[in-house]
Amino acid sequence: MRRRSTFITHPSRAVNPADIQVYENQLLLGALKAAREERLTLGLKELPEEVVEVLQEAHELHIRWTREETYHSSPPFLSRTSPGLHVQYTPLKEDQPDHLCKLLQKVFGDQVHCKSPKATFISPPLISERFAQTASSHYYTLLPTVRHLASYLQRTICKPSDLSCIHTATLLNLADVIDFDYDSISHALILTVQWSKQPEVIWDPIGDFTTFDAWNLDIQSSPNDKVEVGILSPSPATEPSDLQLSGFLTTVGSDDHPKATLFSFPSRHHTLGPAQRRDQRYTVSFEQPTGLHPILKISFPNGESLVEPQTKPPGSVCALQTYVTLPSHLFADKYAFLSNDPLFQKSHNLGQLHSIAGETDLEAPDYVVDRWGSTMLLDIRTPDTDEGGEENKKKHDERTASSTQWNVTIPLHLRYLEPSSGGHSEVEMPWPIVFWACTAEEGTKFPVNPFDRIHLGYDGLFGPRTMFYHLDPAPEVGSSGRLVERISVPVLDTETASPRTIELVTLATIALGFVWVLLKLRIPSLLSSSSRAEKPVIKKKQ
């Protein structure tokens, strides 16, 4: 096993190397306030048999989980996905048996509604053929907690006597991001876990003490493991496409002291400058009342703030875009978006639809839809993308100056849901992510950097020289803080009439209607025959 522990501190809280205690097989440091990433690389021999069975059937498997509550991202942990569980999967063979769904349900819980990859997963479009890192199928579900995952790891990976392993698995419940990555070339499973900050309260069962608002590092290595620890801080990079980190690196078991380091690397994912980051935060809601045709609203503080990243490379071209994840009970009418009607786009502050994939059947009710849902990638219209001309620009500037918000609306539709007691059902959808997609400088290459995240769903829809500047979601003050919207949907009330009663009444109505049509067709025919029979026959005299 290989372990890499990375702690990212604010530059104002730089760590004194004298405080880092390095022993033969141990590293100690107390009261550290930092974002944290743990990355474990495991061979197939270190995994449970049921996991190995699924991995050996996969050409590649990538699992991404993001918590529902908002969190603050800091370099180099800047990529974002909608909250919930995302699975990117390519089988080794098309006709092989499917064991993936059963394993997902066992590891993450019964909330994973998955029959098989062929039936439940969707096929994402590949806009850029040069970008090869896109799996052939994609699955998503809302998943508010990973307690099932933590319990599974404690049962199958940790030994009952290994308190350190059990305690580390428990920390997954506090994580903001969890990734699993496997490919058939490396034959290794990589588990990556990120925490955006130190926990408010944490109890250490080994030392039997409680820590408040800090990490207490006690990292040990065994003879068969390689453990690397980095305590780093971000610093300004010389190139717009780069991120730069400085601090101290230690290989536990080999080094006798922390070693100073300074390095930079190209990164696809970036954040805006402090002022732009504050001014371009967004909130998501549904216009009320929602009805069966809800309108998703993405709101920004004002239109004037929606300008391209100030830290983008010189000559870079940027577009503000949103990637929307829709569970099966919601869908978008792709024909309305694909029409590229300028009046439709302007009325909703939307641009071109770049991609829509998944379940887009306009008629099917939710209870007959097998696939999990759909995704869509849309341009967001900003004030500077309106019609040109000095006069029009002046009028628009006056209009946006007096505006308190810049609202982007996305018309959606609800599917018919199963009947329920009370006549209403609650459904949810995750917040979409919003980012500036910018071109990198000519000749810029993005090799895999130490903190790179790919297979996010939307990155495969762009070329290899695309940089993403992510905007921060900002739930309203006083809300639950969840990046999930809930809708109350009217359904058939089973207390008023049972489905069986509705079925019988429907059949009776159809039968009566059929008889009525037959009578309407038969009566004129009978009357016509009767009139011909009563009419006297007049013989012509010779």
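Is C158 buried or exposed? With a relative accessible area of 8%, C158 is buried, where buried means under 20% relative accessible area, exposed over 50% and partly exposed in between, with a 1.4 Å probe and protein chains only.

Some ground rules. This is a predicted model, in which local features need pLDDT of at least 70, side-chain atom pairs count only at pLDDT 80 or more, and totals for chains, interfaces and linings use all residues. Residues are numbered from 1 along each chain as its sequence is written, and side-chain values use heavy atoms, with hydrogens and water left out.

Now the disulfides. The whole structure holds three, a disulfide being a pair of cysteine sulfur atoms within 2.5 Å. C158 pairs with C165, S to S 1.9 Å. The torsion about that S-S bond is about -70 degrees, so the disulfide is left-handed. C318 pairs with C438 at 2.1 Å, S to S. Here the S-S torsion is about 115 degrees, so this disulfide is right-handed. Both C318 and C438 are buried. C101 and C114 are joined at 1.8 Å, S to S, and both are buried as well. In sequence order, the bonded cysteines pair 1-2, 3-4, 5-6.

On to the cores. A nonpolar core is a set of buried Ala, Val, Leu, Ile, Met, Phe, Trp, Tyr and Cys residues joined through side-chain atoms within 4.5 Å. The largest has 63 residues, of which F7, F108, L149, I178 and L217 touch the most other members. A second, separate core of 52 residues includes F286, L414, M467 and L483.
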